[in-house]
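Visitor: Hi, I'm new to this one. Can you show it to me and talk me through a couple of spots?

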Amino acid sequence: MMKGEAGRMQHSDKPKQEGHIWGSMKRTAFILGSGLLLLVAFWNSVTWHLQRFWGASGYFWQAQWERLLSTFEGKEWALYIIGATQVPVLFFWAFNGLLLVVDTTGKPNFISRYRIQVGKNEPVDAEKLRQSVRTVLFNQCVISLPMLVFLYPILKLRGDPCRRELPTFHWFLLELAIFTLIEEVLFYYSHRLLHHPAFYKKIHKKHHEWTAPIGVISLYAHPIEHVVSNMLPVMVGPLIMGSHLSSITTWFSLALITTTISHCGYHLPFLPSPEFHDYHHLKFNQCYGVLGVLDHLHGTDTVFKQTKAYERHILLLGFTPLSESIPDALKKME
């Protein structure tokens, strides 16, 4: 009797599972289809206005680029090294330098009002910070730099990254869109893989030592993780597209600034919301991606969506901290 009931239950579960899969496929198709329609609807009008600005300044940038090429004539590899490694790193440390002043001194005081995890890193642990900075510098100098140097001859096979003509504005926007999608896919699945018990304790746990992250620890990771989950997701896009150095430099700089914001620990006005990834550091098993698209499709943001952090996961367009305008629910008196 029990076997029969179990068999009926298993048999009845199959249509439910098939329905669930079919429903997920329909939701995926709806999201991607809607996104495509919106892109088509707004692409021409938005890019028309931006192209007017680009057209006015394009000749200026082309002239500056040609001047650089003539300066580095015969040494284009050096120009590539500066553009692909030094410029993004300069942006990274300039931005993180400002954040570290706040993290270590607590000044200016008004910034603390925007802290996501109140009471954490006030001030940041000095020894823990020094260890993290050493690891970040190691990853940048010993891992990132050789990888990007090795990328140069491969890019040359796809199209010279230091070619004379700059990309058009429309092509540059298309590249950024493709880079972002590729990063979302590669980062989500590599990141989720690193949370598997076989890899988490030996590799990814290092990054999660910071349950309340700060900006500089965006690159604080085990060397294997830095290669697989930090570097490859941002390198593959330019490699596939055979991108110009100008696109590569802009993309790498944006990627470093974006990941810094995601880890900074402050939900600051007029900057992208870091609530999504900050919650991942707090809870570990939610919010694996960058954009959140794959988390939505795979259901790895369901708990996050039930929290105040999700309500605050918006662009802050004023100066009132979201922790004040959307306060935590008061605990019931026992």
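Visitor: What covers the buried residues of α6?
Guide: The cover includes α3 (126–158), α4 (169–194) and α7 (245–263). Contact here means heavy atoms within 4.5 Å, and buried means under 20% relative accessible area, with a 1.4 Å probe and protein chains only. Helices are DSSP runs of H or I, at least four residues, numbered from the N terminus. This is a predicted model, where local features need pLDDT of at least 70, side-chain atom pairs count only at pLDDT 80 or more, and totals for chains, interfaces and linings use all residues. Residues are numbered from 1 along each chain as its sequence is written, and side-chain values use heavy atoms, leaving out hydrogens and water.

Visitor: Which residues of α6 are buried?
Guide: Among them are Glu225, His226, Met231, Pro233 and Met241.

Visitor: Where does α6 bend?
Guide: At Leu232, by about 50°, and Pro233 follows within four residues. That bend is the angle between axes fitted to the seven residues ending there and the seven starting there.

Visitor: And what comes after α6?
Guide: Gly242, with a positive phi near 60°.

Visitor: New topic: where's Thr300?
Guide: Thr300 sits in the loop between α9 (293–298) and α10 (308–311).

Visitor: Is Thr300 buried or exposed?
Guide: Buried, because its relative accessibility is 7%.

Visitor: What does the side chain of Thr300 make a polar contact with?
Guide: One partner is the side chain of Tyr188, at 3.0 Å, and the side chain of Asp295 is another, at 2.6 Å. A polar contact is a pair of N or O atoms within 3.5 Å; within protein, one must be able to donate a hydrogen and the other to accept it, and residues adjacent in sequence count only if both atoms are side-chain atoms.

Conventions:
Helix = DSSP H or I, 4+ residues; strand = E, 2+ residues; numbered from the N terminus. Buried < 20%, exposed > 50% of the residue type's maximum accessible area, 1.4 Å probe, protein only.
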